[in-house]
Amino acid sequence: MSFKPYDLQLRHAFTLAESSRTVTPSMLVELEFDGLVGYGEAAMPPYLGESYETAARFLNSVDLGQFNDPFRLDEILGYVDSVAVGNCAAKASIDIALHDLVGKMMQQPWHRIWGFSAEDAPISSMTIGIDTDEVLRQKVREAEGFKILKIKLGRSSDKEMIETIRSMVDVPLSIDANQGWKNRIQALESIFWLKEQGVVFIEQPMPKGQVDDIAWLTQHSPLPIIADEGVQRLADLERLRGVYSGINIKLMKCTGMREAHKMLTLARALDMKVMIGCMTETSCAVSAAAQLSPKVDWADLDGNLLISNDLFDGVKIVDGKIQLNGEPGIGVKRIE
């Protein structure tokens, strides 16, 4: 295993309800075995609590030399998860690289290994962050061709943002409030208004700790309420049944593809909606997440489109729809 830090340069400042940034730190990982190389990535937006320092410390503490068979995914990734608590993005980088390696050894992409059909891949949303009216209009123009837009809300300018977007396009919208709404009555009133504006679901409307308020909101909302910050790993799902309508699975939160696949399976068993999402990432991690996309209700896999210095060529979005290629593993190639 080898790894190196890499700064992801955002095309626009990425502004959420509580923060803003222009760079996302990422750790790029390579696993080499028998002449093949698997690629992985740990994207680490600051609010996750990981950094170059924590990722390097964790990766240096992992001894993959004790294994001689990459196909023993459960054993290897179980060990990786046990090395230290947390470090979910760093763990995901190994998981993604190992899946890429094994897929290349099998000469098959992971969506096929899992038995999924590439034709079932959904459309993806394009994310529009909170911004000034001028930049907001520019972002909407840049998102031309997407069949659904994901709008970041959670500030006093929410209504004005939606009205500006609606003056330009009439495609369906999804809303991510990033825990920005604090009062459940006001949140419900906003959701009823947003439904009239063509919104199809709401992501993390309130702080994740306000469990009773979110459960009440889910019960009364005319739109599905999806957990993002409120869900991280497989162990969270059982307690969220009845609190949210569904979950947003992100590889960087759940330690990678192995656990994401388990979360997808359990969420379906619990009759919950499933969304596959991403951070700002290169096409490496986005393409890995896209392998799960044929079995989800919604996808938000645009993280690679939000940066200007992608190092990989992988999954594409054509006419708004995710196009899975037939390349083995996670379906990416280095382009430098």
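This is a predicted model: local features need pLDDT of at least 70, side-chain atom pairs count only at pLDDT 80 or more; totals for chains, interfaces and linings use all residues.

Me: How do you know how many disulfides the structure holds?
Reply: A disulfide needs two cysteine sulfur atoms within 2.5 Å. The structure holds zero disulfides. Take C254: the closest cysteine sulfur is that of C88, at 8.0 Å, so the pair is too far apart for a bond. C278 is in no disulfide either, with the nearest cysteine sulfur, in C284, 13 Å away.

Me: How do you know whether the chain agrees with a compact globule?
Reply: Compare the radius of gyration with the globule rule. For 336 residues, a compact globule would come near 20 Å. The chain has 19 Å, so the value agrees. Along the principal axes, the C-alpha atoms fill a box of roughly 55 × 40 × 40 Å.

Me: How much of the chain counts as buried?
Reply: Of the 336 residues, 56% do. The accessible surface of the chain is about 13800 Å². Carbon and sulfur atoms hold 48% of that surface.

Me: What share of the contacts in the chain joins residues 24 or more positions apart?
Reply: The share is 67%, taken over contacts with a separation of 6 or more.

Me: Which secondary structure does the chain have?
Reply: The chain has twelve helices and 15 strands.

Me: How many positive and negative side chains are there, and how far apart are the centres of the two sets?
Reply: There are 35 positive and 47 negative side chains. The two centres lie 2 Å apart.

Me: Which residues of helix α8 are buried?
Reply: Helix α8 covers residues 211-220, and I214, W216, L217 and T218 are buried there. The buried residues of α8 pack against α7 (184-196) and β8 (225-227).

Me: Why do residues three or four places apart in an α-helix point the same way?
Reply: An α-helix has 3.6 residues a turn, so such residues point the same way.

Me: What makes G320 buried or exposed?
Reply: G320 has 2% relative accessibility. The cut-off is under 20%, so G320 counts as buried. G320 is in the loop between β13 (316-318) and β14 (321-323). Beyond neighbours within four places in sequence, G320 is in contact with I123, S124, G145, F146 and K147. S124 is 196 residues from G320 in sequence, yet the C-alpha atoms are 6.1 Å apart.

Me: What makes H261 buried, exposed or partly exposed?
Reply: Partly exposed lies between the two cut-offs, 20% and 50%. H261 has 22%, so H261 counts as partly exposed. H261 is in helix α11. H261 and T127 are 134 residues apart in sequence and 24 Å apart, C-alpha to C-alpha.

Me: How do you know whether I96 is buried or exposed?
Reply: I96 has a relative accessible area of 0%. Buried means under 20%, so I96 is buried. I96 lies in helix α3, residues 88-106. Leaving out neighbours within four places in sequence, the contacts of I96 include Y39, L251, M257, C284, A288 and I330. R57 is 39 residues from I96 along the chain, and the C-alpha atoms are separated by 19 Å.

Technical notes:
Residues are numbered from 1 along each chain as its sequence is written. Side-chain values use heavy atoms; hydrogens and water are left out. Helices (H or I, at least four residues) and strands (E, at least two) are DSSP runs, numbered from the N terminus. The radius of gyration is taken over C-alpha atoms; the globule rule is 2.2 Å times the number of residues to the power 0.38. Buried means under 20% relative accessible area, exposed over 50%, partly exposed in between (1.4 Å probe, protein chains only). Contact means heavy atoms within 4.5 Å. Accessible areas come from the Shrake-Rupley method with a 1.4 Å probe; for residues, only the protein chains shown count as cover. Lys and Arg count as positive and Asp and Glu as negative; His and the chain ends are not counted. The place of a charge is taken as NZ of Lys, CZ of Arg, CG of Asp or CD of Glu.
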